[in-house]
Protein chains: 2
Amino acid sequence: MKPTLTPFEYHGDFLEVLDQRSLPNDVKYIVCRSASDVASAITSMAVRGAPAIAIAAAYGMALSARRSSDMKAAASLLLNSRPTAVHLKKVIDRMMVLPREAMEAEARKIHREDLDINIAIGRHGTAVLPADCHVYHHCNTGALATGGWGTALGIVRSMAEIKKLSHVWVGETRPYLQGARLTAWEMMVEKIPYTLVSDNMAAKLMSDGKVDAVLVGCDRVARNGDTANKIGTLSLAVLAHHYRVPFYVAMPLSALDEECATGEGIPIEERPAIEMLGYGFTKWAHPKTPVYNPGFDVTPAALITGWVTEQGLWRPQP
Amino acid sequence: MKPTLTPFEYHGDFLEVLDQRSLPNDVKYIVCRSASDVASAITSMAVRGAPAIAIAAAYGMALSARRSSDMKAAASLLLNSRPTAVHLKKVIDRMMVLPREAMEAEARKIHREDLDINIAIGRHGTAVLPADCHVYHHCNTGALATGGWGTALGIVRSMAEIKKLSHVWVGETRPYLQGARLTAWEMMVEKIPYTLVSDNMAAKLMSDGKVDAVLVGCDRVARNGDTANKIGTLSLAVLAHHYRVPFYVAMPLSALDEECATGEGIPIEERPAIEMLGYGFTKWAHPKTPVYNPGFDVTPAALITGWVTEQGLWRPQP
């Protein structure tokens, strides 16, 4: 169970962040020396994934604490870096009640806890999924999106370890291509059998009986179970419902927003148009193309088979 | 009703093909002097769209007829250039019963007929769609995919002409990006209000009540109404069914395969892996990534609200 990939490493006076924007072509690192640097790394998607950005934010707070910065300003910068995931807010709240000198140890603890949570989710996930399972996975929820193991992809890893996994369909996840760039790369590094597909091939795969379960992560879950996650999750949930394929959400309990009764209360981030017009310096659409680019959607609880948490299956409040 | 874009122009001793692979960045042309040249233009997707490749193939036959080539070999090359669309086969059959000297006139006639068919589909389409309509459109079925007007996008054009259209959601259509590259460009040229989205945003749009109808084209329709079309069509049909959004197929009657009882008889082309790994010279996935790239899927008749043909609504045979 040794994690082989990690989205960042904390070195006391700086956080070294693996720049996921250039993966898998280039393995580059960004040095963050303050909460402001970390907030920029989050906004620019150098680090992404709800659990990973929460841990990075905790380290950002620790860095600012060392520098005797204004902690309220640091917290506010980090809180506003991405609005949809709730882990981030919970971590900032947890840090803000501590004295400065306790923040570094707390950030390291949050990181360790996340890894433990992931491994527990993996263990519980293996219990609910069928043997010889063909999984369809969306976005990236692996080592790169977390403290180093993964939530939905942590379940995939755990299933591969106990030889319960046949194969993973890796949905490319437009527009940011987290599946094609990050999940495919993780599967290659881990030697887990996988095949890359476009998001709009999922229906054909399910219709052809090639998917035994859909596994996704989550950015925020309302009390009633409505689940915000990467754009395209809702589409997969409707398809899975139609084709009677089990649809599981890997959910660290920190993704639960107790203050949110239903999915309607979850803010949905809109991302820049440029993500839709091309990739890197290459553009395939006209630069003046009008674009709608919501980063997330909300899947109603009724379309979800189960939420796998570190404590086993979670049940929404009716 | 003047078409402003055309995928090719016939000049007697050559067919000038607009190279759609480099659109909208570059407007380049390919000169085809034989059936073999035309077959290459079809296989490489320089010209694509079921009606357009059928017309191009007719011109290819005419070019080979001028050169006293082996007509059976010419027909075979063209027939094998893309397997899923049935228009192509029908056009080749129609040409092969003619003497060489009649082929050029027949190819021009097939081209003119396609334009008339498109305009009739557009007229019938406006009758079935609601006023102030927000349409979701997949792939490219416009002037570039046909003789110069469009099938599903021909209905969009016709609706815009009579001010019945509010707005078009242009699905980018991975992996080949026909929506982002071609449909968005056509809408821009035609000054029709549109917004580009990723394929996996369609569920959110429907869930948010922002889609009044889905409009797609087709490559082959079985007698029972099962419809092969660009990969991702099945996903949109399942979503539209779930959200009770009308789902219409624009269908030239030449897309009907009378020899095919159900969708199971329709051959589905698999496209090269490279289309999934990047765009042009830019790659975002590892070159050794295993890929599945079916070019089409089959939507069962039960998920389709109606088939709009040049003779009005078509009914499948029970």
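## The sheet in chain A

In this predicted model, chain A holds an open sheet of seven strands with mixed pairing. The strand order is E6-E5-E4-E7-E10-E15-E16. Strand E6 (194-197) and strand E16 (312-314) of chain A stand at the edges. Each has a single partner strand, so one side of each is left without a neighbour in the sheet. From one strand to the next, the twist averages 30°.

How do strands of a sheet pair? They pair through backbone hydrogen bonds, either parallel or antiparallel. Take strand E4 (residues 133-137) and strand E7 (residues 213-216) of chain A: they run parallel. Three bridges join them. Tyr136(A) stands opposite Val214(A) in E7(A).

## Helices on the sheet

Which strands does helix H7 of chain A lie across? Helix H7 (residues 178-190) lies across E4, strand E5 (165-171) and E6 of chain A. H7 runs at about 160° to E5(A).

Helix H9 (residues 233-242) of chain A also packs on the sheet. H9 touches E4, E7 and strand E10 (247-250) of chain A. The direction of H9 makes about 145° with that of E10(A).

## A pair of helices

Two packed helices are described by the angle between their axes and the distance between the axes. Look at helix H1 (residues 35-43) and helix H3 (residues 71-79) of chain A. Their axes come within 9 Å and cross at roughly 5°. Angles under 35 degrees count as roughly parallel, and H1(A) and H3(A) are therefore roughly parallel to each other.

Which residues meet here? From H1(A) come Ala35(A), Ser36(A), Val38(A), Ala39(A) and Ile42(A). From H3(A) come Ala74(A), Leu77(A) and Leu78(A). By class, this contact has seven nonpolar residues, one polar residue and no charged residues.

The size of an interface is often given as the accessible area lost when the parts come together. Between chain B and chain A, the buried area is about 4,300 Å². Carbon and sulfur atoms give 68% of that area. The contact takes 56 residues from chain B and 56 residues from chain A.

Three residues of chain B stand out: Asn200(B), Trp284(B) and Tyr292(B). They supply 19% of the area that chain B buries against chain A, more than any other three residues.

How many salt bridges cross the interface of chain B and chain A? The rule finds two. The side chains of Glu172(A) and Arg174(B) meet in a salt bridge, at 2.6 Å from N to O.

Technical notes. Residues numbered from 1 in each chain as written. Chains lettered and ligands numbered in written order. Predicted model: local features only at pLDDT ≥ 70, side-chain atom pairs only at ≥ 80, totals over all residues. Heavy atoms only, no water. Pairing = 2+ DSSP bridges. Helix = DSSP H or I, 4+ residues; strand = E, 2+ residues; numbered from the N terminus. Axes fitted to C-alpha atoms, helices over the stretch in contact; angles between N-to-C directions. Contact = heavy atoms within 4.5 Å. Parallel < 35°, antiparallel > 145°, perpendicular 65-115°, else oblique. Nonpolar A, V, L, I, M, F, W, Y, C, P; charged D, E, K, R; others polar. Buried area = accessible area lost by both parts, 1.4 Å probe. Salt bridge = Lys/Arg side-chain N within 4 Å of Asp/Glu carboxyl O.
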